[in-house]
Amino acid sequence: MKVYTIATPGTRIVCRRGGIYAVKKSGERVLIPPDTDVIVIASSRVGLSSKVVRLAARRGIDIVFLDYDGSPVARVYTPTINKTVFARVQQYKLFQLDYGKRLAKEFVYSKIVNQAEVLRYLAKNYRDPSIREYAYQVDGVAAELKAVDPRLLDRENLMAYESRAARIYWQAVSYLLPQELGFRGRDHSSKDPFNMALNYGYGILYNICEKALVLAGLDPYLGVLHTPKSGKESLTFDFTEMFRAIAVDKPLILDAKRIRFEFSGDRLDYETRKSVATVVTENLRQRYMYGKINRREELGEIIKREAWDLAQSLREESEYRGFRVVL
C-alpha cells in the first residue's frame, strides 16, 4: 500500500502531461508516483482541481482529507468496486450469528498478541528486561482470552480483556518515552503530544484499512466489536485494531526522540504532523514476516491481504485467523 502525504500549506496538486504533481509554494514540482494507492492531504491549505480528482479516480488512487487531529474528513475514490455483492451478503448474515462473536474475539486476541510482540521487540531494542516482563503480562491476558468460549463473550467482556492488556501495554510505553512528552497512558482526548501523534497516525491507518475492506467487497460500516452507529465505520475500527501496535505505535515510540513535537495553538503544528505522517507511511512500506504466506511482505500489502482473507472467510463461512506479527 503506497501512501503519498501532503502536509505543507500552500501546496497545489496539478496534472501535467498525464502525471499528477505536487507543486510547493517555492515552485518546486514533485511527481506523485503513478503506482500510489492513496494521496493523504493533511492541510486545509492544499489546492487541487477536478482534473486531478478525475485522473486519480481513473488510476484507482484514493484522495483522503485529514483534519488537524488525523481524523478523516472526506474521501474521494472510484465508485466501481471489482467484487461481487456476495461477500457483503455473507457479512450481513454471519455477523449476527455466533460467527460474529468468534470474529470479534479474533480481532481482540490478535490485537493483544501483537501488543505483546511489540513490547518484546522494544525490550530487545532498548536492552531493558523490565519491558519483557510487561510483555509476559500482556501475553497472560491473551492466553486467558484464548481459553474462553466465544459464545460466552459479549462486547463488554471483550472490551474488559482489551482494557486489561492496554493498561499494561501503555504503562510499558510510558516508561520508554521521554519524560518531557508528559505521556501517562493512552487517552484519545489528552493534549500531550504523543497521544495527539497517536491519534494522527491512527487516522492514516484507518483510511488504509477502510480502502482494503472496500476493495475486498466488504461493508466498512457493519462491524462485530465496535457498536454499530449511523456514519460510524465499525468494521474499519474492528479490523484496524490488529494493526495499531505494529503500524503506528512501534514506529512512533522508536522515533519519539527524533520527532520535533511543536504546537500551533492547541494542536500539533504542520511540521510535527508531517513528521508523524512520514514515520507512519514509511513503516507501511517496511517488510514484515507474514506467516500466512511464510515470507516478508510490505505492511501495507499485508493489510490488503488480510482484508481479502476476511472476505474469503465470509464467502466460504470458514474461520478467520487474524493477523499476528512476528518481529
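Mentor: Two strands are said to pair if DSSP finds at least two bridges between them. The model discussed here is predicted.

Trainee: In S7, which residue is the bridge partner of Val 40?

Mentor: Val 40 belongs to strand S5, residues 38-41. S5 pairs with strand S7 (residues 62-66) in the parallel sense, over four bridges. Within S7, the bridge partner of Val 40 is Val 64.

Trainee: Which residue of S5 is the bridge partner of Tyr 4?

Mentor: Strand S1, residues 3-6, pairs with S5 in the parallel sense over four bridges. In S5, Val 38 and Val 40 point one way, Ile 39 and Ile 41 point the other way, and all are buried. The bridge partner of Tyr 4 in S5 is Ile 39.

Trainee: Which strands lie at the edges of the open sheet formed by four strands?

Mentor: The order of this open sheet is S4-S3-S2-S6, and its pairing is mixed. An edge strand here pairs on one side only, and that applies to strand S4 (29-31) and strand S6 (47-48). The edges are therefore S4 and S6.

Trainee: In S3, which residue is the bridge partner of Arg 12?

Mentor: Strand S2 covers residues 12-16 and strand S3 covers residues 19-23. The two pair in the antiparallel sense, over five bridges. Arg 12 has as its bridge partner in S3 the residue Val 23.

Trainee: At about what angle to S2 does helix H1 run?

Mentor: Helix H1 consists of residues 50-58 and lies across S2, S3 and S6. Its angle to S2 is about 65°.

Trainee: How many disulfides does the structure hold?

Mentor: A disulfide is a covalent bond between the sulfur atoms of two cysteines. Cys 15 is buried, at 11% relative accessible area, and Cys 209 is buried too, at 0%. The number of disulfides in the structure is zero.

Trainee: Is Glu 117 buried or exposed?

Mentor: Glu 117 lies in helix H3, residues 98-126. The cut-off for a buried residue is under 20% relative accessible area. At 13% relative accessibility, Glu 117 therefore counts as buried.

Trainee: The backbone nitrogen of which residue lies 2.8 Å from a polar atom of the side chain of Glu 117?

Mentor: Leaving aside residues up to four places away in sequence, Glu 117 touches Val 325, Val 326 and Leu 327. One of these residues places its backbone nitrogen 2.8 Å from a polar atom of the Glu 117 side chain, namely Leu 327.

Trainee: What is the relative accessible area of Ser 110?

Mentor: Ser 110 is also placed in helix H3. Not counting residues up to four places away in sequence, Ser 110 touches Met 242, Gly 322, Phe 323 and Arg 324. Ser 110 is buried, and its relative accessible area is 0%.

Trainee: How far apart are the end C-alpha atoms of helix H6?

Mentor: H6 spans residues 193-215, which is 23 residues. At 1.5 Å a residue, the helix should span 33 Å.

Trainee: How many of the 23 residues of H6 are buried?

Mentor: At the start of H6, a side-chain oxygen of Asp 192 comes to within 3.2 Å of the backbone nitrogen of Phe 194. After H6 comes Gly 217, with a positive phi near 90°. The helix is largely enclosed by the rest of the structure, because its buried residues number 22.

Notes: Residues numbered from 1 in each chain as written. Predicted model: local features only at pLDDT ≥ 70, side-chain atom pairs only at ≥ 80, totals over all residues. Heavy atoms only, no water. Contact = heavy atoms within 4.5 Å. Axes fitted to C-alpha atoms, helices over the stretch in contact; angles between N-to-C directions. Disulfide = S-S within 2.5 Å. Buried < 20%, exposed > 50% of the residue type's maximum accessible area, 1.4 Å probe, protein only. Polar contact = N/O pair within 3.5 Å; in protein donor to acceptor, adjacent residues only side chain to side chain. Expected span 1.5 Å × (residues − 1).
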